[in-house]
Amino acid sequence: MTEIAVLTPDPADLSYASHWPGVLARLEAALEGAGVRLVPLPWTEQIADASRLTGFPLVLPVVVWGYHRDHGRWLEACAAWTAAGAPLANPASVLAWNSDKTYLRRLGERGVPIPETLWLDRPSTEEVAAAAARFGEIVVKPVVSGGAWRTQRLKAGEPVADLPDAPAMVQPFLPAIEGEGELSLLHFGGRFSHAVRKTAAPGDFRIQVQFGGRYDPEPAPPAAALEVAAAALAAVEEPLLYARVDLVRDPAGQYRLMELELIEPDFYLSCDPRAGAGFAEAVRDRLG
């Protein structure tokens with residue numbers, strides 16, 4: 001068996017302790033048939049000395065949940081792993097820039113369709129209220145976030161409170177999220193693997209399972225969605241072992257990129273007809 005490392009949450013952060021081992025087990029099951037064994041290592045213990053990572057042929061940073069709440073240390077870690085030459089599955093440079101959602105602005109400038117977005121250094125009540133009045137309904141979230149953390153939905157005229165005391169983004173609310181939901185397209189080794197339809201619980205807009213969201217296989221994703229995903233991936237210059245492309249349709253029916261998740265995406269292997277075989281093949285190809 002070839003041993004590779006998988007980076008896991010900070011042991012001091014107990015908010016994910018009951019959930020991430022199950023995700024790790026699904027990854028282990030997918031890789032077992034490929035002769036690969038995962039060695040879990042907390043990402044926070046590989047910063048001051050990253051030499052342990054260099055002893056592996058490959059490092060998967062796919063369970064680093066919670067990094068967005070410790071972003072300064074996350075950037076320090078990415079710099080340390082770059083300096084050490086650690087063989088990250090997606091390069092440490094990607095792990096750094098993909099942790100700040102302003103990357104969406106850069107992808108938009110390269111022609112990838114994203115929702116209209118206001119980028120605010122420190123969102124004020126007046127700015128957010130004006131955006132809600134302009135769009136009718138908005139979503140506000142920090143540019144460093146994850147799992148709908150500190151994300152809120154506001155309608156025009158509603159009181160504005162609890163804004164992020166940090167750079168934030170404001171987007172018009174896309175009604176499709178309450179109907180058909182969000183479409184996620186998984187890619188391994190540059191190849192499309194499978195698609196998942198994520199829908200929110202009635203009365204909510206957050207599609208994550210912790211808020212009652214539901215994930216279902218999407219056997220035949222529309223060609224238009226695949227085209228947007230391809231454009232998003234083509235805009236990334238670094239080599240990627242894995243990627244998840246999250247799309248929502250706007251009122252005109254155009255797919256818009258909501259997230260290009262390149263750090264710790266859920267692969268939704270329970271919705272994968274091949275049960276992660278494509279992921280295992282990409283890992284084996286990277287290992288050579």
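## The antiparallel sheet

Five strands make up an open sheet, ordered E10-E9-E8-E11-E12, with antiparallel pairing. Its edges are strand E10 (214-217) and strand E12 (255-261), each of which pairs on one side only. From one strand to the next, the twist averages 30°. The model described here is predicted.

Strands of a sheet pair through backbone hydrogen bonds, in either a parallel or an antiparallel sense.

## Strand E11 and its partners

Strand E11 covers residues 242-249 and pairs with E12 in the antiparallel sense. Six bridges join E11 and E12. Two pairs of residues place the strands against each other. Arg-244 has Glu-261 of E12 as its bridge partner. Val-245 stands opposite Leu-260, also in E12.

E11 and E12 form a hairpin with five residues between the strands. In this hairpin, Gly-253 takes a positive phi near 90°.

E8 also pairs with E11, in the antiparallel sense and over six bridges. Here Ser-184 has Asp-246 of E11 as its bridge partner. How much of E11 is buried? Seven of its eight residues are, so the strand is largely enclosed by the rest of the structure. The cut-off for "buried" is a relative accessible area under 20%.

## The parallel pair E1 and E2

Elsewhere, E1 and E2 pair in the parallel sense, over seven bridges. One of the contacts is set by Leu-7, whose bridge partner in E2 is Leu-41. E2 is mostly covered, with five of its seven residues buried.

## The nonpolar core

The largest nonpolar core holds 52 residues. Within this core, Leu-60 and Trp-81 have the most contacts.

## The cavity

Rolling a probe the size of a water molecule over the atoms shows where empty space is left. The structure holds one cavity of 30 Å³ or more. About 90 Å³ of space lies in the largest cavity.

Its lining includes Val-23, Arg-26 and Leu-27, together with Val-62 and Trp-65. Pro-265, Asp-266, Phe-267, Tyr-268 and Leu-269 also line this cavity.

## Ala-79 on helix H2

Ala-79 is found in helix H2. Is this residue buried, exposed or partly exposed? Ala-79 is partly exposed, with a relative accessible area of 48%. Ala-79 and Asp-100 are 21 residues apart in sequence. In space, 15 Å separates the two, C-alpha to C-alpha.

Methods: Residues are numbered from 1 along each chain as its sequence is written. This is a predicted model: local features need pLDDT of at least 70, side-chain atom pairs count only at pLDDT 80 or more; totals for chains, interfaces and linings use all residues. Side-chain values use heavy atoms; hydrogens and water are left out. Two strands pair if DSSP finds at least two bridges between them. Helices (H or I, at least four residues) and strands (E, at least two) are DSSP runs, numbered from the N terminus. Axes are lines fitted to C-alpha atoms, for helices over the stretch in contact, and angles run from 0 to 180 degrees between N-to-C directions. On a 1 Å grid over the protein atoms alone, a cavity is a set of points where a 1.4 Å probe fits but cannot get out, and a pocket is an open set with protein on both sides within 12 Å along at least five of seven lines; lining residues have an atom within 4 Å of a point. Grid points are joined across faces, edges and corners, and a volume is the space filled by probe spheres set on the points. A nonpolar core is a set of buried Ala, Val, Leu, Ile, Met, Phe, Trp, Tyr and Cys residues joined through side-chain atoms within 4.5 Å. Buried means under 20% relative accessible area, exposed over 50%, partly exposed in between (1.4 Å probe, protein chains only).
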